Amino acid sequence: MLDKIKQWNWKYVITGFLLLCVVLGLFLGRGLFRAYDVDEYNDLSGEVGVLPASQNGIVQTFWIRSGIEEINLLMQNDSGAPAVLHAQMTDDAGNVLSSCTVEVADSGGAEAAVKLGLSTAEMEDEKSVMLSIWLEQEQPGVSFCVQTGAYEEQLMQNGAATGSRLRMSVVYGSSLNIMALLLMGAAACIVVLLIVIPRRFASPEYLFAILAVTFGVYFAFVNPPLQECDGLSHLYRAMDVSYGNVLAPFVTLNHEEGVCRIPQNVPQSFYTLGANSGAGGRYVEALQSTRFSDEVVEMPFYDNIPFYAYLPQALGLWLGRSLGLSIYACIVLSRLFNLLTYTVIVFFAIRKMPFFRNLFAMLAVMPLSLYQAASGSQDAMQHALCFLFIALCCSYAFDEKRKTLTWKHALGLGVLLLAMFVIKYVYVCLGLLVFMIPMKRFGDRKRYWTAFAVALLPLVLIGGYHVLRVAPGISNVQAVSAASDMTQSQYLMAHPLYLPKVLAKTVVTMGWFYLQSLSVLGSLNCDLSLLFVLLPCFLTAVALLDMDVPESGRIFTVRNRILIMAAAIVTAVLIMVGLYIGDGVANPVGADIVSGVQGRYFIVLLILPFMALKSNRIRQNVDNLSLKCSGVMGVMLLYAALIVFRNYY
């Protein structure tokens with residue numbers, strides 16, 4: 001018997017045991033995938049503010065459609081001590097339906113959710129109720145979070161209307177979300193099955209593709225539509241392309257400039273969910289029961305992002321509308337096409353990369369990268385093109401198997417650089433990497449400069465034409481000083497030493513936020529808090545252990561290190577400068593730091609410092625490094641997938 005046991009292939013035994021644990025764990029923990037039925041009164045459709053709490057209290061009138069379990073209320077407590085809050089719910093006849101007393105902890109002035117244990121019996125019809133809330137004793141610094149706007153609900157204070165409503169969510173009940181549970185189970189099983197993957201598929205590009213498709217599909221289905229940053233703007237642009245405007249902004253084919261074509265019911269169908277609101281189930285259900293309107297309207301919309309950044313999403317939207325699918329299904333299709341495009345391009349980028357392939361794959365498959373790829377954002381196309389450009393530059397410069405290059409290779413790099421430039425101008429600075437390519441790869445000096453000129457031709461002609469077209473629009477969105485009518489760019493020209501101070505202060509004060517935001521999904525409202533430190537440490541470890549780097553020291557000459565680091569620094573600086581000048585809402589004239597910058601803007605740059613600072617003396621040899629890296633990243637993605645569900649449902 002012992003001899004037979006010794007002959008077992010323990011790799012398969014361990015895999016089978018882990019799969020059994022996954023199935024059992026999902027069954028026992030299925031409660032984590034319960035979606036709540038919630039009425040959300042925190043969609044941020046109006047201006048937010050605060051209303052001081054007092055013993056006199058407030059009265060909020062709203063409708064409930066069945067028996068409720070609890071109410072989650074947003075409050076602020078900056079009093080330095082806990083506050084005792086009383087709440088009571090009555091109907092129109094004055095009958096008390098429920099009451100409770102809770103303690104509001106000191107939050108230091110930050111918004112915090114307060115759970116009111118107000119529950120009512122089941123009812124057949126909708127009912128108007130009044131929620132009365134008051135402090136046990138006067139306590140300055142305790143406030144209700146409210147938003148103002150044209151709402152049916154009425155919020156009264158001391159018998160007078162406040163013109164606002166409480167930011168709260170009304171929880172009715174919950175049900176098991178089978179789709180999310182099955183997708184999570186499939187993802188967990190695939191992460192376990194990486195242990196027994198055939199060796200020919202254990203290379204970084206295949207492992208990337210497996211994780212990208214597995215978790216990208218999960219995000220595409222489970223993440224409620226349009227919760228990514230600027231989600232509605234991305235939908236407008238993709239919808240316009242799906243209606244045939246496939247050359248903008250170079251040429252506008254089927255309507256005048258400054259507008260886009262969308263179905264009539266788009267604006268009122270979508271909104272941003274609050275963090276941990278639990279309203280995702282009802283939101284998705286509403287979109288599953290609605291189709292895009294056949295009536296198309298034109299709405300004012302200025303955008304200079306090119307059509308090809310939205311072609312995958314547009315194809316999904318067009319196909320979904322043609323098949324008569326629901327709004328939710330159309331959005332999912334657009335996400336899946338976007339994910340597929342990202343996966344294919346990055347797959348070949350990783351394959352072309354001559355070194356740091358494991359780090360390259362991990363950056364491309366980290367939670368934020370996949371979340372963006374499985375959304376409607378143009379970041380998916382931008383990141384994919386940047387990854388491919390970096391990989392080709394490194395391949396042409398350092399791949400020992402490649403002997404000669406021609407003007408066609410240079411032209412390909414030029415077209416890629418143009419595509420990146422038109423989507424987001426600042427990434428054109430990655431073009432510095434082409435100077436790593438040795439002149440001898442082209443044969444002689446003449447062929448080198450000929451190829452260089454050919455590569456620059458599309459960038460100069462088409463890129464220059466594009467800049468001339470969109471420059472007036474960029475000028476129009478700059479901040480303008482009310483005192484002097486001076487724009488942001490004019491202010492910087494008048495104070496040339498001010499910008500370096502702004503950038504220095506931004507890096508010092510916001511650097512940690514940029515690092516943290518690499519682990520924040522959605523509209524900056526879905527924190528993967530465990531990964532704030534773990535993810536950067538993991539990526540650093542992968543960079544140190546990656547053994548794809550050839551023995552030749554030619555890669556890490558001083559010249560190449562300077563070029564690589566310059567490309568990273570100049571691009572990062574221009575990202576901040578571009579937002580400082582171009583976002584007049586976030587950055588008023590003369591602002592002392594740059595606001596609006598997010599970690600996702602730097603994802604494609606993260607590999608460059610590792611390349612520039614790589615030490616030739618660190619030569620670690622870890623068996624099956626690609627599989628081990630993918631397994632660790634798979635666990636992180638499982639955590640991210642669970643947090644996304646818990647945040648929105």
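# Close-up views of the predicted model

View 1. Helices (H or I, at least four residues) and strands (E, at least two) are DSSP runs numbered from the N terminus. You are looking at a predicted model, in which local features need pLDDT of at least 70 and side-chain atom pairs count only at pLDDT 80 or more, while totals for chains, interfaces and linings use all residues. Residues are numbered from 1 along each chain as its sequence is written, and side-chain values use heavy atoms, with hydrogens and water left out. E10 pairs with strand E11 (residues 160-161) in the antiparallel sense over two bridges; strands pair if DSSP finds at least two bridges between them. Two residues separate E10 and E11 in this hairpin, and asparagine 158 in the turn has a positive phi of about 55 degrees.

**View 2. Strand E10 and its other neighbour, E3.** Strand E3 (residues 58-64) runs antiparallel to E10, and four bridges join them. Follow the bridges and you will find valine 59 partnered with methionine 156 of E10, and glutamine 60 with leucine 155 of E10. In a regular strand, side chains alternate between the two faces of the sheet. Strand E10 (residues 154-157) has Leu155 and Gln157 on its covered face, and Gln154 and Met156 on its uncovered one. Step back, and E10 and E3 belong to an open sheet of six strands with antiparallel pairing, in the order E6-E5-E8-E3-E10-E11. At the edges are strand E6 (96-104) and E11, each of which pairs on one side only.

View 3. Asp37, Asp39, Arg65 and Arg282 are linked in a network of salt bridges, a salt bridge being a side-chain nitrogen of Lys or Arg within 4 Å of a carboxyl oxygen of Asp or Glu. The whole structure holds 12 salt bridges. In the one between arginine 65 and aspartate 37, the closest N and O atoms are 2.8 Å apart. Arginine 65 sits in the loop between E3 and strand E4 (70-77) and aspartate 37 in strand E1 (residues 34-41), so this pair ties together parts that are 28 residues apart in sequence. Arginine 65 counts as buried at 19% relative accessibility, whereas aspartate 37 is partly exposed at 28%; buried means under 20% relative accessible area, exposed over 50%, and partly exposed in between (1.4 Å probe, protein chains only). Aspartate 39 meets arginine 282 with the closest N and O atoms 3.1 Å apart. This pair links distant parts of the chain, with aspartate 39 in strand E1 and arginine 282 in helix H7 (residues 280-288), 243 residues apart. Aspartate 39 is buried at 12%, while arginine 282 is partly exposed at 36%.

View 4. Arginine 237 and aspartate 240 form a salt bridge of 3.9 Å, N to O. Both lie in helix H5, three residues apart, which is about one turn of the helix. Arginine 237 and aspartate 240 are both buried.

View 5. How far apart are the ring centres of phenylalanine 355 and phenylalanine 398? The structure holds 24 aromatic pairs; in this one the centres are 5.8 Å apart and the planes at 45 degrees, so the pair is tilted. Rings of Phe, Tyr and Trp (its six-membered ring) pair if their centres lie within 6.5 Å; planes under 30 degrees apart count as stacked, over 60 as edge-to-face and the rest as tilted. Phenylalanine 355 lies in the loop between helix H9 (327-352) and helix H10 (357-365), and phenylalanine 398 in helix H12 (residues 379-398), so the pair ties together parts that are 43 residues apart in sequence. Phenylalanine 355 is buried at 0% relative accessibility, and phenylalanine 398 is buried at 1%. Elsewhere, ring pairs link Phe435, Phe442, Tyr448, Trp449 and Phe452 into a cluster.

**View 6. Two arginines over tyrosine 243.** Arginine 261 lies over the face of tyrosine 243, 5.5 Å from the ring centre. Arginine 321 also lies over the face of tyrosine 243, at 4.1 Å from the ring centre. A charge sits over a ring if NZ of Lys or CZ of Arg is within 6 Å of the ring centre and within 35 degrees of the ring normal.
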